[in-house]
Amino acid sequence: MRSPIAAMLITLLASGCMVGPDYVRPPLDAPAAWRLDEKDARDLANTAWWEQFADPVLNDLVTTALRENKDLMIASARVEEFAGQYGFVRSGLFPQVGASADARRQRDVGAVVLGAGQSNTFSTYNVLLNASWEIDIWGRIRRQTEAARARLLASEEGRRGVILSLVGSVAGAYINLRDLDRQLEIAQATAKTRGESYELFKLRFEGGLISLLELSQNRSQYEEALATIPPIEKAIAQQENGLSVLLGRNPGPIARGKSIDQLTLPAIPAGLPSELLERRPDLRRAEQELIAANALIGAAKAAYFPTISLTGLFGYSSTSLSNLFQGENKVWNYGLPISMPIFTAGALAGQLQSAEATQQQALFSYQKAIQEAFREVNDALINQDRTREQLHAQRRQVEALQQYAATARLRYDNGYTSFIEVLDAERSLFSVQLQYTQTQGTEFQAMISLYLAMGGGWVNEADRLAGKADDVAAARQP
């Protein structure tokens with residue numbers, strides 16, 4: 001062995017290890033199946049589900065949002081931030097090499113004691129190359145790198161979570177907009193019909209065929225329909241403004257495609273509860289945060305052990321520039337500095353306690369996120385199933401009230417009943433028509449919620465539409 005320092009270095013590297021616990025996914029109490037069994041469900045969790053609505057306008061809105069939404073841009077920039085932090089921390093695993101050069105002219109006041117003819121003013125020139133490398137015997141830097149990598153992947157999953165939420169918000173806002181459009185059509189058509197009826201009643205009143213009571217009842221019905229229009233128009237404008245912001249635009253009008261009656265209801269996605277751990281970005285993010293917290297326990301434990309570095313310097317130093325690189329002006333040194341804590345007044349113990357408590361918080365947050373995910377899927381399955389039943393019942397109710405209103409009008413025209421019966425029938429029909437349209441929108445929203453709750457590989461397709469490459473592919477490798 002040429003050098004005792006080299007021998008020591010090889011020995012330390014051969015015996016090096018990482019202190020602290022290695023990450024193991026905690027055991028999870030996952031339900032065996034969902035509370036609601038969908039026998040005919042197809043596994044569509046990996047498809048671009050919004051395209052199943054069969055509305056090109058909606059597809060364009062989703063694509064625009066994925067490219068222009070400011071929240072998604074913020075999330076993408078955050079990924080770049082964590083990628084930079086990961087690169088910074090990881091650099092500690094490798095030697096750090098630098099160079100410096102120096103030229104100066106100086107007067108040494110201590111030279112006054114020199115003999116005659118000697119000058120106390122002189123120049124110095126230095127050219128140096130220096131290097132240092134902390135030998136990560138105990139794994140402190142490797143644990144910190146592991147934590148930084150996990151945080152980078154967590155930020156990426158956070159960005160994917162924004163994509164998931166964004167697509168759901170755009171689709172939900174568009175469905176709500178088309179729902180409001182349909183409500184406005186019903187209100188306007190009802191107001192038009194009642195307005196025509198009111199004009200006819202005025203002629204009858206002027207001709208002495210009906211009383212003022214009947215005319216007032218008819219006018220009240222007409223004004224009721226008119227009063228429902230402004231709130232719907234206000235809601236439409238506000239919905240357009242909100243959707244515009246999701247698209248990364250200033251508030252303004254939104255293009256329309258198919259009506260809510262023409263939209264195709266997406267199929268129900270399927271999957272086992274355990275698959276949520278790999279599908280949902282929020283669960284993947286929570287697990288990466290747990291991995292990071294777990295790794296920092298090792299970094300805190302490594303602080304108890306000695307820090308060992310390898311340092312070296314090589315260069316030239318001379319008082320004359322002309323002979324700076326002469327052999328006799330060569331300077332060098334190398335060493336193996338070692339430092340270790342002896343008394344820190346509880347500082348290291350406090351850091352370890354803090355790291356272990358942070359890991360426990362991350363663990364409980366991960367477990368809670370999983371439970372919430374199971375709840376969200378079960379709620380979404382029950383919601384879409386019961387809403388579908390409600391919609392079928394309301395459709396039958398609309399058909400019955402349409403027949404009731406037509407019969408009541410016929411009976412009134414033939415003098416068999418008062419106008420109050422007509423008024424009651426038409427008011428009930430108008431109310432249930434609006435309720436039915438609202439339930440239509442609720443059914444679509446329930447399906448959107450189910451796709452969001454199930455997660456899925458469709459986020460990859462949305463990511464492609466966003467025009468974003470996977471900037472953390474290298475970090476995903478252990």
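Residues are numbered from 1 along each chain as its sequence is written, and side-chain values use heavy atoms, with hydrogens and water left out. Because the model is predicted, local features need pLDDT of at least 70 and side-chain atom pairs count only at pLDDT 80 or more, while totals for chains, interfaces and linings use all residues.

**The largest nonpolar core.** This core, a set of buried Ala, Val, Leu, Ile, Met, Phe, Trp, Tyr and Cys residues joined through side-chain atoms within 4.5 Å, has 67 residues, and those with the most contacts inside it are W49, W50, F53, L66 and V167. Several helices (DSSP runs of H or I, at least four residues, numbered from the N terminus) each supply at least two residues of this core, among them α2 (56–68), α4 (140–206) and α8 (347–413). The helix that gives the most to this core is α4, with 15 residues.

**Surroundings of W50.** Leaving aside neighbours within four places in sequence, W50 is in contact (heavy atoms within 4.5 Å) with L58, N59, V62, V167, W458, A462 and L465.

**W332 in its strand.** W332 is placed in β4 (residues 330–335), a strand being a DSSP run of E, at least two residues. At 56% relative accessibility, W332 counts as exposed.

Terms used. Buried < 20%, exposed > 50% of the residue type's maximum accessible area, 1.4 Å probe, protein only.
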